[in-house]
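The following exercises concern a single protein chain with its ligands.

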Amino acid sequence: MAIVAPSLLASDFLNLERECTMLNESEAEWFHLDVMDGQFVPNISFGIPVIEKIRKATNKVCDVHLMILTPEHLTEAFKKAGADILTVHIEACTHLHRNIQQIKSLGMKAGVAINPHTPVSTLADVLHDIDVVCMMSVNPGFGGQKFIPHTLEKIKQLRKMIDERGANVLIEIDGGVTLENAPEIVAAGADVLVAGNTVFSASDPKGMIAKLKSL
Ligand code: DX5
Ligand code: ZN
């Protein structure tokens, strides 16, 4: 059974408290919070003050996905805002290993995200240092995009690499996850399903989360 991590990027920002209550009552385990800087990705979303408020509205895991350059400058601020998991992009980190150590030393779980063009092999030398790989199945920056089919192959490669090395790492798939493609994503070896539009555009979001959970 996969962990379901609804992405609040697709939620109704005018009714954020209601959206948080809905997720609290649902079977979702994680809140996926997408932070964009308009530099690393061609879009801006929300940041620290909004995450502080969301933190007060839930006891569930706050999974913060940083799509920003030089994330090391803000690691402490995101810890203070209430992040449980802090994920940085491999493409945005010159000193990835140092960034991971910084995240862990502050008591958070560390995630590394890879873009669709980044091979799984680039994770080899940090696999034992991290808790989550966030594999992008769309180009980051926007919700509601179409799942890139080649991701399935990458999930299988990463699953094999994790199992062979005995690493304790979750595979999180982010972008274009639907009820239709989720079964093959899970079958390929994913542990965590991020879902933005699939959850928040559903007529019954809690029911949709339950369906994703039951796969
Ligand atoms: C994309 C974000 C995703 C996005 C997923 O840049 O990292 O988390 O919100 O949204 P959907 O599920 O709608 O593709
Ligand atoms: Zn994300």
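**Exercise 1.** Is serine 214 buried or exposed?

*Solution.* The model is predicted: local features need pLDDT of at least 70, side-chain atom pairs count only at pLDDT 80 or more, and totals for chains, interfaces and linings use all residues. Residues are numbered from 1 along each chain as its sequence is written, chains are lettered from A and ligands numbered from 1 in the order in which they are written, and side-chain values use heavy atoms, leaving out hydrogens and water.

Step 1. Buried means under 20% relative accessible area, exposed over 50%, and partly exposed in between (1.4 Å probe, protein chains only).
Step 2. Serine 214 has a relative accessible area of 56%, and is therefore exposed.
Step 3. Serine 214 is located in the segment after α8 (205-213); helices (H or I, at least four residues) and strands (E, at least two) are DSSP runs, numbered from the N terminus.
Step 4. A polar atom of the serine 214 side chain lies 2.8 Å from the backbone oxygen of lysine 211.

**Exercise 2.** Determine the donors and the arrangement around the zinc ion (ligand 2).

*Solution.* Step 1. Donors are N, O and S atoms within 2.8 Å of the metal (3.2 Å for Na, K and Ca); water is not among the atoms, so sites may look incomplete.
Step 1. His32 (NE2), Asp34 (OD), His65 (ND1) and Asp174 (OD) coordinate the zinc ion at 2.0 to 2.3 Å.
Step 2. Six donors count as octahedral if opposite donors are over 155 degrees apart and all others between 65 and 115. The six donor atoms here subtend angles of 70 to 171°, so the arrangement is octahedral.
Step 3. Aspartate 34 in strand β2 (residues 30-36) and aspartate 174 in strand β7 (residues 170-174) are 140 residues apart, and the pair links distant parts of the chain. Both aspartate 34 and aspartate 174 are buried.

**Exercise 3.** Which residues of helix α4 (residues 96-105) are buried?

*Solution.* Step 1. The buried residues of α4 are Leu96, Asn99, Ile100 and Ile103.
Step 1. Viewed down the axis of α4, these buried residues fall within an arc of 100°, so they line one face of the helix. The arc is that of the directions from the helix axis to the C-beta atoms.
Step 2. On the face turned away from the buried side of α4 are the exposed residues Arg98 and Ser105.

Notes:
Four donors count as tetrahedral if all angles lie between 85 and 135 degrees; four count as square planar and six as octahedral if opposite donors are over 155 degrees apart and all others between 65 and 115; anything else is irregular. A polar contact is a pair of N or O atoms within 3.5 Å; within protein, one must be able to donate a hydrogen and the other to accept it, and residues adjacent in sequence count only if both atoms are side-chain atoms.
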